[in-house]
Amino acid sequence: AAAQPLAPGKGGYLFTGDTNIVHSGWGIFYHVSDPYKYYTSAMGPADPRGRDNVLTNPDTGEKVGTRGPQTLLRAVFENAVIKATSKEEVDFVLRSPDYIGTIEKAVMLAVADADIGVTVESVWLNKPRTPPLAAAQAFLDVFDASNFSFSERERARAYAIKTANEGASEAVRMIADAEAYKTRVVSGIEADTKYFKAMLVEYRKNPDMVLVSRYSEVLGDVLKMTDDKFVIRTNKKGSQEVRLLLNREPPKKEEVKEE
């Protein structure tokens, strides 16, 4: 059905603090805490258990309203809801569960200030909080956009936390690796220092023996890294014929005999 325009005076509505219109329905549970005050101040009927007195136009007999404690309590209730809603923004009114508590506190305070012998025990929402039908889709679009924005912010926050944690873990790993490398390098340098100091003491005692020993060690290390080794000497005349086979003979493949 097409959205119908709001008819002031016929349809109930509330104004929010940011000049939006909302609809809602409320219920109230109360008890008479001071019967005497209730009977004397609320302009009740002769039988307080009965309905409020109906007021009519004396000329036409048309009903113009009611008078009595129920009418008074309803008026106080409605005024409290209107006043409390006018102080809140539409997002809070339509979406927040705290809005019901706000209305309940406002109604309890207003009824207590009316001083008609009534105590409010609870207030509840018995109809959904909605914007006007003509604007419902626009509000829904805004809520969807808000939910999407919240979801994206949460994703971004989770990603930021994850990235920060990964960065912190990587930093810890790099620091640990650096400390381990530092330890290895320092230990190596300390070991080399001790070795060279000990070598210096021996060198001062017998330089030739130390040099020959070091020469042998270095030569041994070098020879370990070579595949072919050749020892060349000279004869008494200072010459020597040397023949070297530089190209190795390729290995022969063994023939596999079939039986």
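In this predicted model, T19 sits in the loop that joins β1 (14–15) to β2. Its phi is near 60°, a positive value in a residue other than glycine. Most residues other than glycine have a negative phi. The side of the chain at T19 is not covered: T19 has a relative accessible area of 67% and is exposed, because the threshold for that class is over 50%.

D115 belongs to the loop between α4 and β5. Its relative accessibility is 43%, so D115 is classed as partly exposed.

The largest nonpolar core comprises 23 residues. Those with the most contacts inside this core are W26, V81, I103, V107, V111 and V123. Two or more residues each come from β2 (21–32), α2 (69–85), α3 (90–95), α4 (98–114), β5 (118–130) and α5 (136–205). The most is given by α2, with six residues. V111 illustrates the packing. With neighbours within four places in sequence left aside, V111 is in contact with L73, V76, V118 and V120.

Helix α5 has 70 residues. From its first C-alpha to its last, α5 reaches 103 Å. This is close to the 104 Å expected at 1.5 Å a residue. The buried residues of α5 are F139, F143 and M199. What covers these buried residues includes α3 and α6 (207–224).

Where does D91 lie? D91 is placed in helix α3, one of the elements that cover the buried residues of α5. The relative accessible area of D91 is 41%, so this residue is partly exposed. Not counting residues up to four places away in sequence, D91 touches S96 and F143. F143 is itself among the buried residues of α5. F139, also buried in α5, is 48 residues from D91 along the chain. The C-alpha atoms of D91 and F139 are separated by 9.5 Å.

Terms used. Residues are numbered from 1 along each chain as its sequence is written. This is a predicted model: local features need pLDDT of at least 70, side-chain atom pairs count only at pLDDT 80 or more; totals for chains, interfaces and linings use all residues. Side-chain values use heavy atoms; hydrogens and water are left out. A nonpolar core is a set of buried Ala, Val, Leu, Ile, Met, Phe, Trp, Tyr and Cys residues joined through side-chain atoms within 4.5 Å. Buried means under 20% relative accessible area, exposed over 50%, partly exposed in between (1.4 Å probe, protein chains only). Helices (H or I, at least four residues) and strands (E, at least two) are DSSP runs, numbered from the N terminus. Contact means heavy atoms within 4.5 Å. The expected span of a helix is 1.5 Å times one less than its number of residues.
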